[in-house]
Amino acid sequence: MTQAELTKLGIALGVCYAAYKFVGNPMVKGAAVAVGAVIVAKKVPYLSAALA
């Protein structure tokens with residue numbers, strides 16, 4: 001993973017964390033966790049093969 005990819009990953013996960021931490025709506029918190037999980041799953045080699 002290059003530094004540019006790591007930066008994009010960090011920004012995406014940071015946005016998900018901010019939505020989870022600072023929004024009071026439980027549906028938004030659930031969506032933030034789900035989106036964060038998909039982002040991470042696409043980067044893990046054995047999970048990305050299963051998602052494709």
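Reader: What share of the 52 residues in the protein is buried?

Author: It's 10% of the 52 residues. Buried means under 20% relative accessible area, exposed means over 50%, and partly exposed is in between (1.4 Å probe, protein chains only). Bear in mind that this is a predicted model, where local features need pLDDT of at least 70, side-chain atom pairs count only at pLDDT 80 or more, and totals for chains, interfaces and linings use all residues. Residues are numbered from 1 along each chain as its sequence is written, and side-chain values use heavy atoms, with hydrogens and water left out.

Reader: Which elements does the protein have?

Author: Three helices and zero strands, running α-α-α from the N terminus on. Helices are DSSP runs of H or I with at least four residues, and strands are E runs of at least two. The C-alpha trace spans about 35 × 25 × 10 Å along its principal axes.

Reader: What makes α1 and α2 roughly antiparallel?

Author: The axes of α1 (residues 3–22) and α2 (residues 26–43) cross at roughly 160° and come within 8 Å. Angles over 145 degrees count as roughly antiparallel, so α1 and α2 get that label. The crossing of the pair is left-handed, which means the near helix is turned anticlockwise from the far one by less than a right angle.

Reader: Which residues of α1 and α2 meet?

Author: From α1 you have L9, A12, L13, C16, A19 and Y20, and their partners in α2 are V28, K29, A32, V33, V35, G36, I39, V40 and K43. Contact is heavy atoms within 4.5 Å. The residues of this contact split into 12 nonpolar, one polar and two charged. Lys is among the charged types and Gly counts as polar.

Reader: Why is L13 called partly exposed?

Author: L13 has a relative accessible area of 29%, which falls in between the buried and exposed limits, so partly exposed it is. L13 sits in α1 and touches G36, I39 and V40, leaving aside residues up to four places away in sequence. L13 and K43 are 30 residues apart in sequence and 12 Å apart in space, C-alpha to C-alpha.

Reader: How do you know which class A18 falls in, buried, partly exposed or exposed?

Author: A18, another α1 residue, comes out at 31%, so it counts as partly exposed.

Methods. Axes are lines fitted to C-alpha atoms, for helices over the stretch in contact, and angles run from 0 to 180 degrees between N-to-C directions. Angles under 35 degrees count as roughly parallel, over 145 as roughly antiparallel, 65 to 115 as roughly perpendicular and the rest as oblique.
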